[in-house]
Amino acid sequence: MSTSAHLPADAALEHGTVTDRLVEANARYAAGFADPGMDARPVLRVAVVACMDARLDLHAALGLELGDCHTIRNAGGVVTDDVIRSLTISQRALGTRSVILIHHTNCGLESLTEDFRHELEDEVGQRPAWAVEAFRDVDQDVRQSMQRVRTSPFLLHTDDVRGFVFDVTSGLLREIDPAV
């Protein structure tokens, strides 16, 4: 990764916007790109659902390569209706059989509440249709997400669903027992 990727935002923007910098990086990437000859089916037949937190480098943390898995990310790594939608397509159309859920320590959703929606409504005059899905106990939130996957009528494969908490300071995964 280039050093500019870790510069403060204002230093990285000396030559345009962040989007400009990313498009330029893509041009350099594409110049040396060769079609890997893969289709959309993940080689390991696994889907990983995780938080969008920028500190999580899932491929590196899990030893994954391009084409190994489907990665579905959102705020908190919460299993929402849209995550079930993506998992259903992943399983039924693209052959995945395993689901790994990864939440993490020091998640921003631990400091939010559903009041966030009310504040948005006050500000913009419309309440969001979605729930914040804030939580206080990351282990319990992983259990809830595992339960949502396991009980979805749309998913074919719910026997290999495992949940973890990624420690952002050590890089280690801690498996969560769904039965506690």
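Predicted model: local features only at pLDDT ≥ 70, side-chain atom pairs only at ≥ 80, totals over all residues.
Residues are numbered from 1 along each chain as its sequence is written, and side-chain values use heavy atoms, with hydrogens and water left out.

**View 1. Location and burial of T96.** T96 belongs to the loop between α4 (81–92) and β3 (98–104); helices (H or I, at least four residues) and strands (E, at least two) are DSSP runs, numbered from the N terminus. With a relative accessibility of 1%, T96 counts as buried (under 20% relative accessible area, 1.4 Å probe, protein chains only).

**View 2. Polar contacts and surroundings of T96.** The side chains of T96 and S90 form a polar contact of 2.7 Å, defined as a pair of N or O atoms within 3.5 Å, one able to donate a hydrogen and the other to accept it; residues adjacent in sequence count only if both atoms are side-chain atoms. The T96 side chain also reaches the backbone nitrogen of Q91, at 3.4 Å. Leaving aside residues up to four places away in sequence, T96 is in contact with P42, R45, V46, A47, H70, S90, Q91 and H157 (heavy atoms within 4.5 Å).

View 3. The structure contains zero disulfides (pairs of cysteine sulfur atoms within 2.5 Å). C51 is buried at 4% relative accessible area, and its sulfur lies 4.2 Å from that of C107, the closest cysteine sulfur, too far for a bond. C69 is buried at 12%; the closest cysteine sulfur to its own is in C51, at 16 Å, also too far for a bond.

Notes:
Buried < 20%, exposed > 50% of the residue type's maximum accessible area, 1.4 Å probe, protein only.
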